[in-house]
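Subject: Structure handover

Hello,

I am passing on a structure that you have not worked with before. Please open it first, then read the notes below it.

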Amino acid sequence: MKLAFASLSLTLLLANVPTIMPYAENDQLKSRAELTNYEETSRYEDVTRFIGELQKRTYKLRVESFGKTEEGRDLPLMIFADPPISQPREARASGKPVIFIQANIHAGEVEGKEAALHLARRIATGDLRSLLDNLIILIAPIYNADGNEKISLNNRTAQNGPIGGVGTRENAKGYDLNRDYMKLETPEANALVGLFNRWDPHLTVDLHTTNGSYHGYHLTYAPTLNPNADARLIAFERNKMLPAIARATLKTHKFRTYYYGNFATRERMNSEMENFEMQRSGREAQPADKPETKIWRTFDHRPRFGNNYCGLRNRLTILSEAYSYLDFKGRVAVTEAFVEEIFKYSALRAGEIAALIKSVDDDASSGRAGRQGQQGVAFELKPLDKPVDILVGEVEKVKNPRSGKMMTAMVENKFTPTPMPDYGLFAATKSLALPRAYLFRNEDGMKTVIAKLLAHGVAVEELTEPLTAEVESFVIDDVKKAARAFQGHAEVKLKGRLQKETVQFPAGSILVRASQPSASLIFYLLEAESDDGFVNWNFLDPYLEKGKTYPIYRLTSDATAPGRLKH
């Protein structure tokens with residue numbers, strides 16, 4: 001999948017694209033946002049040209065394509081290291097944490113793309129060069145490259161710039177890439193997870209823009225939200241890393257930040273998210289019919305979202321959400337400042353981060369993590385111990401001079417601290433012990449499951465001899481399909497019960513051991529009652545009927561059967 005970037009550059013030079021911003025050899029390297037006084041955002045050709053110019057100015061940058069989009073565009077990845085490296089094995093040998101910055105997964109949320117380019121320039125030739133003494137930095141500035149090229153004045157019209165328009169949320173086939181981490185149906189998501197498998201970053205930072213609520217923060221953020229992630233990773237992010245980064249962002253850059261959320265009510269916990277989805281589909285949100293208690297609530301625990309997916313892979317992760325109603329230049333600035341402080345924190349504590357990841361991986365690989373706790377299959381939102389003063393902001397309407405449409409603009413420094421419950425945590429309401437392994441027969445109906453496990457980087461073995469084992473099987477009592485399709489799927493939920501039985505598995509059957517760093521991800525993909533696994537996304541539909549046995553079995557004792565790894 002890794003390609004020589006020279007071929008990509010040649011393709012761009014031959015392309016007849018009159019909108020590319022030119023650079024004279026001695027010019028200061030600037031992004032399209034800077035060159036247009038933040039009226040426009042960078043096109044794909046602007047991004048790749050910027051990267052090519054940056055390579056001329058530093059020996060510490062290598063560039064690869066980590067995959068292709070639906071429409072065939074190469075996805076550029078900048079690799080910063082001192083001394084320079086080109087291969088993941090060199091990163092591992094260095095002992096330095098690998099920090100991965102991803103921007104533009106939603107191509108209407110464009111400030112992350114510009115901020116990533118500005119940070120790359122500073123790492124290459126400016127004040128952030130010393131970061132490479134302690135870190136290896138990967139930057140993918142334009143993940144949804146196809147959506148980026150569909151720039152229109154009609155996309156995200158309420159957002160406060162850029163006035164020249166932005167791209168689309170979805171990729172070229174209409175898929176939301178930030179819902180595709182588990183099902184892996186797009187070439188972009190497969191490429192990104194392939195990057196995770198190869199480079200295995202210690203920390204992934206995903207850059208976005210908010211929707212909806214009028215708050216008083218310049219940027220909000222979230223760690224992994226699924227409690228199945230290792231508790232040590234969750235505690236490190238919530239108790240140490242994110243509070244320190246927020247303090248530094250305020251002290252050094254004067255930007256207000258807090259945990260990501262939206263205003264909702266305790267009585268209608270999901271109202272804000274439901275209203276957003278209703279508005280996107282052209283339906284009107286329903287008002288409350290009686291007084292309600294206002295709360296601040298985070299979004300979702302499911303690993304279809306990138307921050308939760310990375311957590312289940314035993315890795316640190318931060319979601320960044322610049323405030324949609326802050327002007328475009330301000331959103332670029334706060335995103336750049338926030339990521340700068342992430343870099344500085346990580347560089348200062350590089351040894352601690354590397355040791356933490358090694359510890360959680362060692363425990364998972366040895367099976368110790370599975371013996372110490374359980375994994376959830378159903379979850380609920382929980383508030384923090386005490387109410388929090390959430391900043392309620394003010395906005396005003398301003399006209400986009402190019403489109404004539406009204407944008408929503410933040411009224412800077414006009415906000416009201418308002419105490420309210422902060423529903424920022426999830427807790428499991430039903431849990432199961434992590435089994436030692438999963439077993440299933442290698443038959444035609446399971447080929448997609450096998451392929452997707454391998455795509456997620458999971459070690460999959462094929463039995464070389466028959467095996468008779470006592471297992472837990474799941475008997476299906478109820479199958480419920482969603483009435484309305486989501487991302488082309490009628491999502492499925494199962495109810496049933498576990499029972500012990502002895503089952504014979506022929507040679508060639510599939511064994512997936514849980515003693516892997518991605519044990520929590522394996523659990524989420526394969527469990528019958530998982531709310532975001534293979535069942536949910538219809539990959540096992542032919543097997544799902546009331547009274548039938550779920551085709552994937554749980555092995556609760558150590559697996560000693562001979563087998564060989566599949567590739």
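Helix 8 (residues 231-253) and helix 12 (residues 350-366) have axes that come within 10 Å and cross at roughly 155°. Axes here are lines fitted to C-alpha atoms, for helices over the stretch in contact, and angles run from 0 to 180 degrees between N-to-C directions. That angle makes helix 8 roughly antiparallel to helix 12; angles under 35 degrees count as roughly parallel, over 145 as roughly antiparallel, 65 to 115 as roughly perpendicular and the rest as oblique. Helix 8 contributes R232, L233, F236 and K240 to the contact, and helix 12 contributes E352, I353, L356, I357, S359, V360 and D363. Contact means heavy atoms within 4.5 Å. By class, these residues are 6 nonpolar, 1 polar and 4 charged (Ala, Val, Leu, Ile, Met, Phe, Trp, Tyr, Cys and Pro count as nonpolar, Asp, Glu, Lys and Arg as charged, and the others, Gly among them, as polar). Helices (H or I, at least four residues) and strands (E, at least two) are DSSP runs, numbered from the N terminus.

Some background on the model. It is a predicted one, in which local features need pLDDT of at least 70 and side-chain atom pairs count only at pLDDT 80 or more, while totals for chains, interfaces and linings use all residues. Residues are numbered from 1 along each chain as its sequence is written, and side-chain values use heavy atoms, with hydrogens and water left out.

The mean pLDDT of the chain (the predictor's confidence in each residue, from 0 to 100) is 93, and 91% of its residues reach 70 or more. Over residues 1-26 the pLDDT stays under 50, and the model has 44 contacts there beyond four places in sequence. The pLDDT is also below 50 over residues 278-282, a stretch with 7 contacts beyond near neighbours in sequence.

From helix 5 the contact includes H118, and from helix 11 it includes R331. Its residues divide into 7 nonpolar, 3 polar and 6 charged.

E34 touches L29, H118 and R121, not counting residues up to four places away in sequence. E34 and H118 are 84 residues apart in sequence and 9.6 Å apart in space, C-alpha to C-alpha. With a relative accessible area of 23%, E34 is partly exposed (buried means under 20% relative accessible area, exposed over 50%, partly exposed in between, with a 1.4 Å probe and protein chains only).

R331 is likewise among the residues touched by Q159. Q159 is found in the loop between helix 6 (145-148) and helix 7 (187-199) and is buried, at 4% relative accessible area. P162 lies in that loop too, and the peptide bond from G161 to P162 is cis, with omega near 5°.

Lastly, two backbone points. Most residues other than glycine have a negative phi, and most peptide bonds are trans. N104 has a positive phi of about 70° and is buried, with a relative accessible area of 0%. N413, in strand 14 (residues 406-420), has a phi near 65° and counts as exposed at 55% relative accessibility.

Regards
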